[in-house]
Amino acid sequence: MLNLTYNYKLQPTAKQIEIIEHNLDVCKSVWNHALYVRKLWHNSRSCKIDRCSIKHEYIVNMFEYPNYHNQSADLTKAKRGNAFLRSGNAQAMQQTLRKLDRAFNDMKSKNMGFPRYKKKMKSFNLISNKIELNGNYIKMPLLKKVKFRKSRDIPEGFKIKQIQIIKKASGYYANLTIVLNVDVPTPMPKGHTIGIDVGIHSMLATSDGLTIPRPKFLDKALRKIKLLQRKLKKKIISSNKWKRLQHRIALLHEAVANRRKEYHFQLAHQLCKATGTIFVEDINFKSWSKGLFCKQSLDMGLGQFFTVLEHISWKTDTYFAKVDKNYTSQICPNCGTHTGKKELNVRVHKCDECGYECDRDVAASMIIRDRGLNDIAVGTTVIKLPSNGVLSGAKV
Ligand SMILES: [Zn+2]
């Protein structure tokens, strides 16, 4: 099964905007209440059964764990006596509960943060077989016929399965999930192999010796944003002028995010060109974004870049894998000796054992490439040609 997501800008009428806003509002209430119930359950069980907490105790009736199915049934019951809930789209509300369920699962399996209450809901999903494109209009259950800007055609044979309506500073957008019933083979390791090392000084370095400096998306826009934020401080909160300024700031942030994403896609395509296998480090970018270089790290959006790179690799039939990140900058790629920790200002790798010298990030990326090749070689017969890093005969 092939799943793709296409993004379009919507041009809804005033009436349709009202419907979208209302549904976002209803979904927000559903999310916040469902999260409240889940929090209640978690708190009521945070202390052992045979002792009491010193601070406070949750006195709640024992109830079953509020999973998706329980909450979904509760929602149906609650709708009977609540006109506000009845006015929202049932599908959108169900999907909101599903999203919350996924957030809790991710928390456990991927070690992500505890889901939060929402001040604003930014999107909702609708799953239906009745979504169709008709000229410049999207036919869908909730909004009937909504005008959109057809920036690209949907490839032939694909069916629309799901629509996500998104609210951004610059307007309303639709994410269409399209599916095609074909088997897509997963890419196999082959061809030219590169390792990619990412860092603060240069955004990335490849084992071919290519280094790309850190792009400064936010730095350029920051002057403008700072100026507007200073103005914003002097305005009365929630006044019309305050709202207008807030909107302008949001627009600037959105433009920066768009530029960043565009750059990531271009860079990923450039890397996948003429490459058969890509290895990257398995980095937890969350801890990076809290550290010393948090602003620079967030501005580069490396987490997003890896997701984009993985997607583009899959699209261009390039093998993509993550390898262990430890000590990549401390080992000599030529002889494998531990050369010890380098300070951040040391830009050159110099080996005392064999005299090998090169850029430190490139050296690290070579280690990543070799580690990746080793990982594949375990359990398979791989002939590795160290002279040009070409991998042949790989079978997984
Ligand atoms: Zn060496």
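Student: Which residues is I278 in contact with, leaving aside its neighbours within four places in sequence?

Tutor: Those are I194, I196, L271, S313, T318, Y319 and F320. Each pair counts as a contact because the C-beta atoms, placed from the backbone, lie within 7 Å. By the way, this is a predicted model, where local features need pLDDT of at least 70, side-chain atom pairs count only at pLDDT 80 or more, and totals for chains, interfaces and linings use all residues. Numbering starts from 1 along each chain as its sequence is written.

Student: What makes α5 roughly antiparallel to α6?

Tutor: The axes of α5 (residues 217-234) and α6 cross at roughly 170° and come within 10 Å. Angles over 145 degrees count as roughly antiparallel, under 35 as roughly parallel, 65 to 115 as roughly perpendicular and the rest as oblique, so α5 is roughly antiparallel to α6. Those axes are lines fitted to C-alpha atoms over the stretch in contact, with angles from 0 to 180 degrees between N-to-C directions. Helices are DSSP runs of H or I, at least four residues, and strands are runs of E, at least two, numbered from the N terminus.

Student: Which residues meet there?

Tutor: Among them, F217, L218 and A221 in α5, and W242, L245 and Q246 in α6.

Student: How do you know that β1 pairs with β7?

Tutor: Pairing takes at least two DSSP bridges, and 8 join β1 (residues 2-10) to β7 (residues 171-180), running antiparallel. Y8 stands opposite A174 in β7.

Student: And how many bridges join β1 to β5?

Tutor: There are 2, again antiparallel, with L10 opposite F148 in β5.

Terms used
Contact = placed C-beta atoms within 7 Å.
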